[in-house]
Protein chains: 2
Amino acid sequence: MDVDARKRLPLFPIGIVQRLTGLSARQIRYYEQHELVHPARSEGNQRLFSFVDVERLLEVRTLLDEGLNMAGVKARLAKRQNRRRSDSAELTDEQVYQHIRQGLLEPRTPSGVSEFQGDLFRFYRKH
Amino acid sequence: MDVDARKRLPLFPIGIVQRLTGLSARQIRYYEQHELVHPARSEGNQRLFSFVDVERLLEVRTLLDEGLNMAGVKARLAKRQNRRRSDSAELTDEQVYQHIRQGLLEPRTPSGVSEFQGDLFRFYRKH
DNA sequence: CAGGCCATGTCAGGTTTCCTTACATAAGCC
DNA sequence: GGCTTATGTAAGGAAACCTGACATGGCCTG
């Protein structure tokens, strides 16, 4: 499984994203309204943000600081978009969750104690 | 900032952790009660789990599958604990949040467009 | 300068998610 | 059979989130 699938996994409620980005909930929702981010939703309709979403919000904030308006930011981000989109197989979120759950069913140390080398670990360490 | 600080950052509510681990909320709280995990709490007393917590829960699940009981799991995990605990400077969660927020205020590409190399990126990629 | 627009703040009313506590139960063990 | 252990489930309440509406300060622009 590539890193992208994990980066796109819906993980954070808006409250955490506020702390990660320094943006207010109002700002985040406003940016979504203007299609600068597209967080997933829980069954109960609550926003769930991925790492990609958070990164994007950090970029939005930077571009706004530079004096761009909503449309300007959107255009800037759209450009980048073209340099990506070269993904391989798509996975559903549930498949990624499942994969992570099985992360520790993999190789162990001689002592039999896991060494934390499950798939989850690759969230922050490129093995 | 080392990776550990990010791994310990309180990020996930229990609902997400359920999906990441395949455990029920009841199980997760029960394990906490038996001191197998120690999630942080929000101001409103809601549990907030870090990557370390999630990894730990995945381990707990594995060990339980192997037939250990609460005490057994705790003992096993305690052993590993001794191999760690060689950390350097401690940072408060708020400091880590702040650092992440400034992630995109760093170097840019010649085009002026960020290349996503902020600190957040190191959650899953060891630069 | 008056009038607009844009980005954000704030409040209200309602829903979802989470909290603790308590009771129920299946499985394993003496 | 009668414990203990791990888990399910329900109740009542609190926290966090949702949408929609209105308010406002800063900036243009005529």
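Among contacts in chain A between residues at least 6 apart in sequence, 59% join residues at least 24 apart. The model is a predicted one. Chain A contains six helices and two strands. Read from the N terminus, its elements follow the order α-α-α-β-β-α-α-α. Chain A has 127 residues, and 46% of them count as buried.

Val52(A) sits in helix 4 of chain A, which covers residues 51–65. Its relative accessibility is 15%. Buried means under 20%, so Val52(A) counts as buried. Val52(A) and Asp4(A) are 48 residues apart along the chain, yet their C-alpha atoms are separated by 8.7 Å.

The backbone was examined next. Most residues other than glycine have a negative phi. Glu35(A) has a positive phi, near 60 degrees, and is not a glycine. Glu35(A) belongs to the loop between helix 3 and strand 1 of chain A, where strand 1 spans 40–41. With a relative accessibility of 43%, Glu35(A) counts as partly exposed. In chain B, Glu35(B) also has a positive phi, of about 60 degrees. Glu35(B) lies in the loop that joins helix 3 to strand 1 (40–41) of chain B. Its relative accessibility is 42%, so Glu35(B) counts as partly exposed.

Helices of the two chains pack against each other. Helix 6 of chain A (residues 93–101) meets helix 2 of chain B (residues 14–21) at an angle of about 70 degrees. Their axes are 7 Å apart. Angles of 65 to 115 degrees count as roughly perpendicular, so helix 6 of chain A and helix 2 of chain B are roughly perpendicular to each other. Helix 6 of chain A contributes Tyr97(A), Ile100(A) and Arg101(A) to the contact. Helix 2 of chain B contributes Ile16(B), Arg19(B), Leu20(B) and Thr21(B). By class, this contact of helix 6 of chain A with helix 2 of chain B has four nonpolar, one polar and two charged residues.

A second contact pairs helix 2 of chain A with helix 6 of chain B (residues 93–101). The axes of these two helices come within 7 Å and cross at roughly 70 degrees. Helix 2 of chain A and helix 6 of chain B are therefore roughly perpendicular to each other. Ile16(A), Arg19(A), Leu20(A) and Thr21(A) make the contact from helix 2 of chain A. Tyr97(B), Ile100(B) and Arg101(B) make it from helix 6 of chain B. The contact of helix 2 of chain A with helix 6 of chain B holds four nonpolar, one polar and two charged residues.

DNA strand C was considered next. It is surrounded by 18 residues, and the closest are Ser24(A), Tyr31(A), Gly15(B), Arg29(B) and Arg47(B). Of the atoms of DNA strand C that come within 4 Å of the protein, 75% belong to sugar and phosphate. Two side chains reach phosphate oxygens of DNA strand C. An N or O atom in the side chain of Tyr31(A) is 2.8 Å from one, and for Arg29(B) the distance to a phosphate oxygen is 2.9 Å. A base is contacted too: a side-chain N or O atom of Arg26(A) is 2.9 Å from a base oxygen of DNA strand C. Helix 3 of chain A gives the largest share, four residues. By class, this surface near DNA strand C has five nonpolar, nine polar and four charged residues.

DNA strand D has 18 residues around it, of which Gly15(A), Arg47(A), Ser24(B), Arg26(B) and Met70(B) come nearest. Sugar and phosphate make up 75% of the atoms of DNA strand D that come within 4 Å of the protein. A side-chain N or O atom of Ser24(B) is 2.6 Å from a phosphate oxygen of DNA strand D. The backbone takes part as well. A backbone N or O atom of Met70(B) is 2.8 Å from a phosphate oxygen of DNA strand D, and for a backbone N or O atom of Gly44(B) the distance is 3.4 Å. Helix 3 of chain B gives the most, with four residues. The surface near DNA strand D comprises five nonpolar, nine polar and four charged residues.

Notes
Residues numbered from 1 in each chain as written. Chains lettered and ligands numbered in written order. Predicted model: local features only at pLDDT ≥ 70, side-chain atom pairs only at ≥ 80, totals over all residues. Heavy atoms only, no water. Near = heavy atom within 4 Å. Polar contact = N/O pair within 3.5 Å; in protein donor to acceptor, adjacent residues only side chain to side chain. Nonpolar A, V, L, I, M, F, W, Y, C, P; charged D, E, K, R; others polar. Axes fitted to C-alpha atoms, helices over the stretch in contact; angles between N-to-C directions. Parallel < 35°, antiparallel > 145°, perpendicular 65-115°, else oblique. Contact = heavy atoms within 4.5 Å. Buried < 20%, exposed > 50% of the residue type's maximum accessible area, 1.4 Å probe, protein only.
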